[in-house]
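This report concerns the fold and packing of one protein chain. The sequence and the structure are shown first.

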Amino acid sequence: MLLCPKGGFNCKSHLTEINRLYKDSQNYQQNKDYQFSVQALERAFEETFELQKSTCINCANVFQAEIIDSFKNIEDELYKMSGGLFGRRYIRSKNVVTKTLLRLTRKLEESKYANINIPNRNTGT
Ligand SMILES: [Zn+2]
């Protein structure tokens, strides 16, 4: 269960959605439904940007890091499985995860730059 590190109340509805998707993803991973697992995780990731927009940037950053970690975890698992005797069918999934991970990491970098370039534009006193 992911919680707002600042105890933010506004984050709650987004967090509920992120948690739901995150949990879905883990269930799919356990059942080796990697494609669905990756899809759910990617949607959770998208949802963190909603969180970032509306309320808690710290919160969003924590979950983004967590989700990237989970992606790496799935990638690791697939890497091991695709090497085995029956591993051929996992190779495609592994490539999908690698591509998605690359795309999300890039998006994360871009959003960080965007935040740096417009610091607190709307909070002028
Ligand atoms: Zn928060």
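The largest nonpolar core has 23 residues, and among them L41, A44 and C59 touch the most other members. A nonpolar core is a set of buried Ala, Val, Leu, Ile, Met, Phe, Trp, Tyr and Cys residues joined through C-beta atoms within 7 Å. Helix 1, helix 2, helix 3 and helix 4 each give two or more residues to this core. C59 touches C4, P5, K6, G8, C11 and L51, residues up to four places away in sequence not being counted; two residues are in contact if their C-beta atoms, placed from the backbone, lie within 7 Å.

The model is predicted; local features need pLDDT of at least 70, side-chain atom pairs count only at pLDDT 80 or more, and totals for chains, interfaces and linings use all residues. Residues are numbered from 1 along each chain as its sequence is written. The mean pLDDT (the predictor's confidence in each residue, from 0 to 100) is 85 for the protein, and 89% of its residues reach 70 or more. Confidence is lowest in helix 4, with a mean of 87, and highest in helix 1, at 92.

The protein contains four helices and zero strands, in the order α-α-α-α from the N terminus on. Helices (H or I, at least four residues) and strands (E, at least two) are DSSP runs, numbered from the N terminus. Of the 125 residues in the protein, 27% are buried. A residue is buried if 20 or more other C-beta atoms lie within 10 Å of its own, exposed if 12 or fewer, and partly exposed in between, with C-beta atoms placed from the backbone. Among contacts with a separation of 6 or more, 55% join residues 24 or more positions apart.

Helix 1 has 19 residues and reaches 27 Å from its first C-alpha to its last, close to the 27 Å expected at 1.5 Å a residue; the expected span is 1.5 Å times one less than the number of residues. Its buried residues are H14, L15, I18, L21, Y22, S25 and Q29. Seen down the axis of helix 1, these fall within an arc of 135°, so they line one face of the helix; the arc is that of the directions from the helix axis to the C-beta atoms. The face turned away from this buried side carries the exposed residues K12, T16 and Q30.

Helix 3 (residues 57-81) has 25 residues and reaches 36 Å from its first C-alpha to its last, close to the 36 Å expected at 1.5 Å a residue. Its buried residues are C59, A60, F63, Q64, I67, F71, I74, E75 and L78.

| Residue | Class | Other C-beta atoms within 10 Å |
|---|---|---|
| H14 | buried | 24 |
| V96 | partly exposed | 17 |
| K32 | partly exposed | 13 |

H14 lies in helix 1 and, leaving aside neighbours within four places in sequence, is in contact with E47, E50 and L51. The C-alpha atoms of H14 and T48 are separated by 7.6 Å, although the two residues are 34 residues apart along the chain. V96 belongs to helix 4 (residues 88-117) and touches Q35 and V38, not counting residues up to four places away in sequence. V96 and V38 are 58 residues apart in sequence and 8.4 Å apart in space, C-alpha to C-alpha.

K32 is found in the loop between helix 1 (12-30) and helix 2 (34-54). Although K32 is not a glycine, this residue has a positive phi of about 60°.
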